[in-house]
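Me: Hi! I'd like to go through a structure with you, a bit at a time. Could you take a look?

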Amino acid sequence: MTNEEIIAETIFLVIALIVSIITKLFLFKKVGIKRWKAFIPIYGDAVAYKITDMSMLWVFSQIPLMLCSIPGLKIPIWLNSAAYFISYGVDVIFAFKLAKAFNRKTGFMVLTVLFPDIMQLIISTSSKSKYDEHYNRYKYRKLNGKFIKAENYKEEKEKVFIKNQEKLKKEIMSEPELPEKTGILKKLTDFIVEKHKLILVIVIILVAGCGILATKVNINRDLTKYMPASSETSKGLNIMYDEFEEVLAMPLSIMINDLSDEEKEVEKDYIKNLEGVASISYNKSEEYNKDNHTLFELTISGKSDSENGKNVIKTLQEHYKEKGKTISLRGEVATANAPVLPLWVIAIAVTCALIILIIMSNSYVEPVMYLIAIGLAVAINMGTNFFLPSVSQITNSITSVLQLALSMDYSIMLATEFHREKIRGKSKIPAMKSALSRSFTAICASSVTTIVGMLVLVLMSFTIGRDLGIVLAKGVLLCLFSIFTVLPALLLIFDRLIEKTKKNPFEPKLDFLGNISFKIRKFSIPLFLLIMGGAFVAQLSVGNLFTNTDSESIDKVFGPYNQTAIIYNLDDHEKISKFCKEQGNNKQITQIICYDNTINEPLSSNEIIKKLTNLGSEINIDEEIIDIIYRSKYALTNNKLTIKQLIDKFIESSNEEEFDKTIDSLISSINSYPKDDFKLTIEEFVNFLYDSIINDERIKSLTEDTSLYIKLNSAKKTIDNAKNQLIGSKHGRVIIRTKLPAEGNETMDFIKNIKNELDNLNIKDDVYMVGNSSMAYEMSKSFDTESMIISIITIIAIYIVVAISFKSWSIPLILVTIIQTAVWITMTITGITDGNIYFLSLIIVQSLLMGATIDYAIMFSEQYVAARNNGLNVQKSVIRGYNKSIQAILTSAGVLTIVTAIVGNFASSTAAKICKAISDGTFFSTLLILLLLPALMAACDRFVIKKK
């Protein structure tokens, strides 16, 4: 932010503050509150809220804007926008409440939505504003739509709570009591309840053991390892890791801001000397310097997810944080070592889940029991991952959050049944036995759709689907285990505390929505078909994204950096060499590196130093000496005096006169050849110097401590390392670098053309392309078909499960089409906002929404069918379905939507895209279930309800 922008923002904030103070001054005068309170930040707002029937807690909603309003503070754009949106929303609510408290007309109140701050000032200063004291929370509180004197509020609230409890008891007692379960289930539930303390101790010991095992789980950060074994990428990687692993070096780019020219050279030297850095590229050209940004291109020894890469990144981040410099990272090493999900993000997500549960639950303490039970299951799940070959970093990070969000409604179901049994008059032990027995089937049936949806991911050829599917399905099963063992123990142990902290839950009555759904039932089917058809057509234009990196900041400044390797059999070396020469003229390629165009390329003497410099060597020899070396090497084939022979003469000579004659003879002989008639490769040049001269035992003791000797040693190592990176025991490598993005039409066409060129070489052995772009090209060929197959299998599997549950063909058809439409809407919205959808997001959203959010549709459908079977008409059944299921739907959907939204904003790129898609999908699923499903059920009533 520039100084001018900071000044402008400060002026705006000062004006807004003055207007706010003036508004409160006049407002407090009208109401009879001491006006000095208007000058106190935050407190003044709290007082203003309370005199308009708003809680003082609303003041906390302004904290995000206060933080974002600190001049010069760097805040993410999305967070800044969210803060202003929240603040504006609160301003609108306050202005509306203010207008209502001062008895303003409807038209005036509508204007408060458009101009909240102006309308607040007008209301406060206008003589027409007459304050209604009932809205003053210091004197009155609203309860069930009525104003109660503040001193009587607590007493009246307790009466309402008792009345609601009596109403609930009457309702429960009027329902027929189901017979107790018998057999093995009864024995099992009795054992769990009677031995609940022992079971809790055993589970805690199990959790402690799993906590130790969790630290030893093999975490895989390389997504390419999940490619099918038959894929070109997988085969190429296996060869590359087998033959080139010891000398493998992966790319890492670092962009540093605000470096002076002197600092750039200092930082280059610092980075170059870091342990694990194989090479560094930088010069003063625009390729590495733009505005206040400086780019260093590194290669890191080892694989992208090696300890070297991890340590280099950690060192760089700590070093530049201490120096107060802003840095950005790019490349395979950066992607593999990016933190997927910081612990503080998980803490925020869990806190938000807890807040939602407290609002929706019957007790302030009970939600803590839910979180403890599921938290123990999360710990066991993480520990049991030890027995899997490996777990991806993405899976390891987001599974715990998803496990929490997906399993919360099972906890609520058991606790609700427990409370119902106690209301029937049972003591806590018998009540828990009945609750466990009666809820067991319902909870298991609800979890089956989720588990089936997760297990379908195992069918993905890209085996990270299997990784995620197995770990998530295992996690849900472990949550069931914890809910059936740990949660009963916690509810029984803390029963007295739960009773003391009982409260009225948030239970919205949706009679109006039920009436609307009934009225539009005749139009609901064509409306739904229109939405479904539109969503289906719209999602067809959404492209799939197969690569995902966090390199946008560097790409925007210096453009993309894209590297692809070609793995070939050494028997085809000549053909590949020809290919490299031809592709050297390809304008899309910024650099192509192979053995024959680098260290094995014949060069004249004036070309050799430039090539050595490009390879990272610091050798620096006078050009005349290079000419002598070249011609001396050439003289070996013409029986002329060589430098080697010159050394022999020098050693043997007894006086300077004899040596001078030898020098003259050498110069005379080598000057007889034209300068450019003879060429050497870098490898020949360095090896000749190193083996034939510098390492001659007769003079080594005189040269080994000199800078020339040190530089030649460095050059020798550089050449040997370069050769080992390009030539293996049976295969060779070609490195192609471009400025093309990782994906896109141009990139895909480029990969296709390269593959065609390789095919035209008529190479007998297979040639493999390895890299993000080639992997994306390969996956794009089969993904659409695979995605369709997985979608169909998921739909069929879920349809069968729901059909068995309802013993109906029509209900699962409605429910499955509702959720599938939500999937298509999610794809469309993601396409509009991001331009495409990450392939993992698509697959996981398809399976997760169909497996998990269909439970919300099942909740409503069960209540609707039960009401119709009990003799209620369609309209009353719709209303009952809403009112009986809305609390459970909003609780479960709220947790899943909010938790994944938080993770989607703070996780690394891949995990963020997955969680954001889940959050969006859950929101649209819930929206369709609440707004369209009831009307569809009413419209299809004759097919849904069996005639008696």
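Me: Before we get to the sheet, what does it take for two strands to pair?
Reply: Two strands pair if DSSP finds at least two bridges between them. With that settled, strand 11 and strand 13 run antiparallel and are joined by eight bridges. One thing to keep in mind is that this is a predicted model.

Me: Good to know. Which residue of strand 13 stands opposite I566?
Reply: That would be V734. I566 also stands opposite M769, which is in strand 14.

Me: How many bridges join strand 11 to strand 14?
Reply: Three, and those two strands run antiparallel.

Me: And strand 12, what does that pair with?
Reply: Strand 12 pairs with strand 13 over four bridges, in the antiparallel sense. Q591 stands opposite R737 of strand 13 there.

Me: So what's the strand order in the sheet?
Reply: The order is 12-13-11-14, an open sheet of four strands with antiparallel pairing. Strand 12 (589-593) and strand 14 (768-770) are the edge strands, each pairing on one side only. From one strand to the next, the twist averages 20 degrees.

Me: Is strand 13 mostly covered or mostly open?
Reply: Mostly covered, with eight of its eight residues buried. H731, R733, I735 and R737 point one way, while G732, V734, I736 and T738 point the other way, and all of them are buried.

Me: Which helix lies across those strands?
Reply: Helix 10 does: it lies across strand 11, strand 13 (731-738) and strand 14. Relative to strand 14, helix 10 runs at about 85 degrees.

Me: What span should helix 10 have, and what does the model give?
Reply: Helix 10 covers residues 232-244, 13 residues, so at 1.5 Å a residue it should span 18 Å. The end C-alpha atoms are 17 Å apart, which agrees.

Me: Switching to charges. How many salt bridges does the structure hold?
Reply: There are 20 salt bridges. As background, side chains of opposite charge can pair when their charged atoms come close. One of the salt bridges is between the side chains of D261 and K264, at 3.8 Å from N to O.

Me: Where do D261 and K264 lie?
Reply: Both are in helix 11 (residues 261-272), three residues apart, about one turn of the helix.

Me: What does E263 form a salt bridge with?
Reply: E263 forms one with K325, and the closest N and O atoms are 3.9 Å apart. K325 sits in the loop between helix 12 (307-322) and strand 8 (327-330) while E263 is in helix 11, so the pair ties together parts that are 62 residues apart in sequence. K325 is partly exposed, with a relative accessible area of 21%, and E263 is partly exposed at 29%.

Me: What about D269?
Reply: D269 forms a salt bridge with K272, with the closest N and O atoms 3.9 Å apart. The two are three residues apart in helix 11, which puts about one helical turn between them. D269 counts as partly exposed at 36% relative accessibility, and K272 is partly exposed with a relative accessible area of 30%.

Me: On to cysteines. How many disulfides turn up?
Reply: Zero, from a search of the whole structure. The nearest cysteine sulfur to C580 is that of C594, 3.0 Å away, and C580 is in no disulfide. The cut-off is 2.5 Å between sulfur atoms.

Me: Is C580 buried or exposed?
Reply: C580 counts as buried, because its relative accessibility is 2%.

Me: Last one: what does the chain look like overall?
Reply: The protein chain comes to 38 helices and 15 strands. Buried residues make up 51% of its 948 residues. Among contacts between residues at least 6 apart in sequence, 77% join residues at least 24 apart.

Notes
Residues are numbered from 1 along each chain as its sequence is written. This is a predicted model: local features need pLDDT of at least 70, side-chain atom pairs count only at pLDDT 80 or more; totals for chains, interfaces and linings use all residues. Side-chain values use heavy atoms; hydrogens and water are left out. The expected span of a helix is 1.5 Å times one less than its number of residues. Axes are lines fitted to C-alpha atoms, for helices over the stretch in contact, and angles run from 0 to 180 degrees between N-to-C directions. Contact means heavy atoms within 4.5 Å. A salt bridge is a side-chain nitrogen of Lys or Arg within 4 Å of a carboxyl oxygen of Asp or Glu. Buried means under 20% relative accessible area, exposed over 50%, partly exposed in between (1.4 Å probe, protein chains only).
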